[in-house]
Amino acid sequence: MRNLLHAADRDRLIAHLRGTLLREVTVDGRRLMALAEGAAADGGFCAMPANAQAAELLAQPDIRDADPAFADGVLDFVMAMADAPVPCRRAAVGGIELLRDDPRDFEILTPFHRFTGDLSAGLLRQQLRGDASAPLLHTGNLAEFRLGRYRNGVDVEDNIRDCAIARRSGGIVLSHESRIGGKAGWLRPRQVEAGTLRYEYEITAGSPLLRLTVTFTAAAGQRLSRLRVSTALDQLGTAGLEMAEGRLAGQQGWRDFAAPQAAGLALWAEATPVPHVAIGLAGWPAGTPTLHIRPQAPERVMSVKAIAARPAALHWLILRHGPVALAPGATLVLREDRLLAAGTTAEDAARVMVASGDQVAGLDLDPLPPQGAALNAVATQLLFATRQAYRVILPAERKAVLEGWFDRQMAALLAGSPGVPDLAWAIVAAEARRRSGATAPVEALVQRLLALQAEDGAFPGDLAGHATALLALARVLAQDPPQPLDGPIGRALAAVKPGPAELREAGRLVVVEGLTLQGGTPGPLRGHAETLGLVARAAGTLALVAEQRPGALPAEAAAQAQALHRQAVALLRTLVRPRGTTLEVLASPLGGSTHPAAQAAAALALMAPDAAILRLPVSA
């Protein structure tokens, strides 16, 4: 299909990336430029996969020639994130912002999270930054102990006497302290002060971890036995959050706990070390909030209990630590790390939460497997450099660096278990490398991708991944000799239907005008524009190949591709709007902040870059 984007409008789309989203970040000690996920002046993060998609756009000849430092700089960030000691998905921008410092009504922003609450009530709320889901509540704690022959159980939050917010070495510490009393005596009971119990939550700018330290100090003259202290979370079944399932690490490996069938208490662990606890939504949908708890003394966790107030949702999760005996004036100190993440699995979180602070400084601790989109960005720059399409020549030294990086990352991707999007982008990348005269595993990748296609034509996942698979097959279809892909392509086209699209937003489904994938998973609302761009680009490339190679696709499939291209472009155009002297792509018809993946996907869909690539021969 032809280029639908005037050069002036293309430059206005690029200007929005450069002027609104460009930031500086530090990755493994290097200062790099990267594109942020939102337009806020401070704070937030830069996601490697989104920057990889933008880097492909910036590698187009006219765009790179206009600003090679910008194009190469974003690509350097993408490669550095993949080469980091612990590759992670996002890098932090900015630091901690203490927006309100009243302990009874505070608000704190980090690059990763938003914290609010009332420390006088022992209430700390935490949300992923930019996520509209209901907050997670760190509260609901108990202290249990014996004084003499009397057993005591005390609600921590009901007995808070002091609370504070303090700055500490680049971070902020939120604290509340309770006076814990109880019944004591052997013959005649009396009420006494048993000790003080302090909860400290430490927040740092360069890490998404929330460090919880609990300190119980026995009162002078009081000897406590069978002391148990809890670390808990409450109201987990709130609408818009609805945590439902659990996963625990233990001596026998990982154990899963399904969503509760009825209200009541479930004992997840007892009298066994617990090194990791994870909770998430039913089915653990990709990208939805997950919470990970890592006690620093797993052997002290005496039990993990989950309480449900209704079916299909948790309400209260409580870890009890102990039992211990304390002499008068002695202390018990417990520490655990908590990680609120967007879809990170329990196994991945358990691995990265123990990483050295220097290795993961400024990173979000969401492990990043080899990315097909990153391979494609590097392969695109190599292709145009090899074909001498750039006026600003790519130095031989840089070409060697890019080639070495590509070979390492492709080998890692092939050795892993990539999903549909990464396989599809890897195919596009391999096809580009073949056009550069390099050897590339195109056929092996295509076989792995086609093995995932369902009988109804849909690739597993959401429409964005399905569209990327269609683009990959279109690029391969254009090679000599042509592969017999008309069947898989025809079924994949038939699986995409016009009509209302269900998308995820803040734990609920919203419906917008768009396209749907038969049997597909609802994608995120903020990914709507990106998805339309991918569909438009894939369908347009298929229509182009059908036009250039009569017989490569049946006439019906070619007509479907043309119709799908028109539909996607029409929907996409409604999301492009002026912003000052630039053009921005709204994330969805309901708004949402502009992000690099949407901006890049829309621009590439309208530019039709694959038309220029397909004119290049496969071998030098």
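Colleague: What makes strand S17 (residues 243-250) and strand S20 (residues 276-281) a pair, and over how many bridges do they run?

Modeller: Two strands are said to pair if DSSP finds at least two bridges between them, and S17 and S20 have six, in the antiparallel sense, so they count as a pair. Ala 249 stands opposite His 276 in S20. The strands themselves are DSSP runs of E with at least two residues, helices are runs of H or I with at least four, and both are numbered from the N terminus. This is a predicted model, in which local features need pLDDT of at least 70 and side-chain atom pairs count only at pLDDT 80 or more, while totals for chains, interfaces and linings use all residues. Residues are numbered from 1 along each chain as its sequence is written, and side-chain values use heavy atoms, with hydrogens and water left out.

Colleague: Why are strand S12 (160-168) and strand S18 (253-257) called edge strands?

Modeller: The open sheet has nine strands with antiparallel pairing, in the order S12-S13-S14-S15-S24-S21-S20-S17-S18, and S12 and S18 each pair on one side only.

Colleague: Why is strand S8 (residues 123-128) described as largely enclosed by the rest of the structure?

Modeller: A residue is buried when its relative accessible area is under 20%, exposed when over 50%, and partly exposed in between, with a 1.4 Å probe and protein chains only. Five of the six residues of S8 are buried, and therefore the strand is largely enclosed. Gln 127 in S8 is the bridge partner of Arg 114, whereas Leu 124 has His 138 in S9 as its bridge partner.

Colleague: What makes helix H12 (residues 528-548) mostly covered, and how does its reach stand against the expected one?

Modeller: Of the 21 residues in H12, 19 are buried. The expected span of a helix is 1.5 Å times one less than its number of residues; H12 reaches 30 Å from its first C-alpha to its last, close to the 30 Å expected.

Colleague: How do you know which residues of helix H2 (residues 48-58) and helix H4 (residues 68-83) meet?

Modeller: Contact means heavy atoms within 4.5 Å. Among the residues that meet are Met 48, Ala 52 and Leu 58 in H2, and Phe 70, Val 74 and Met 81 in H4. The residues of this contact divide into twelve nonpolar, one polar and no charged, where Ala, Val, Leu, Ile, Met, Phe, Trp, Tyr, Cys and Pro count as nonpolar, Asp, Glu, Lys and Arg as charged, and the others, Gly among them, as polar.
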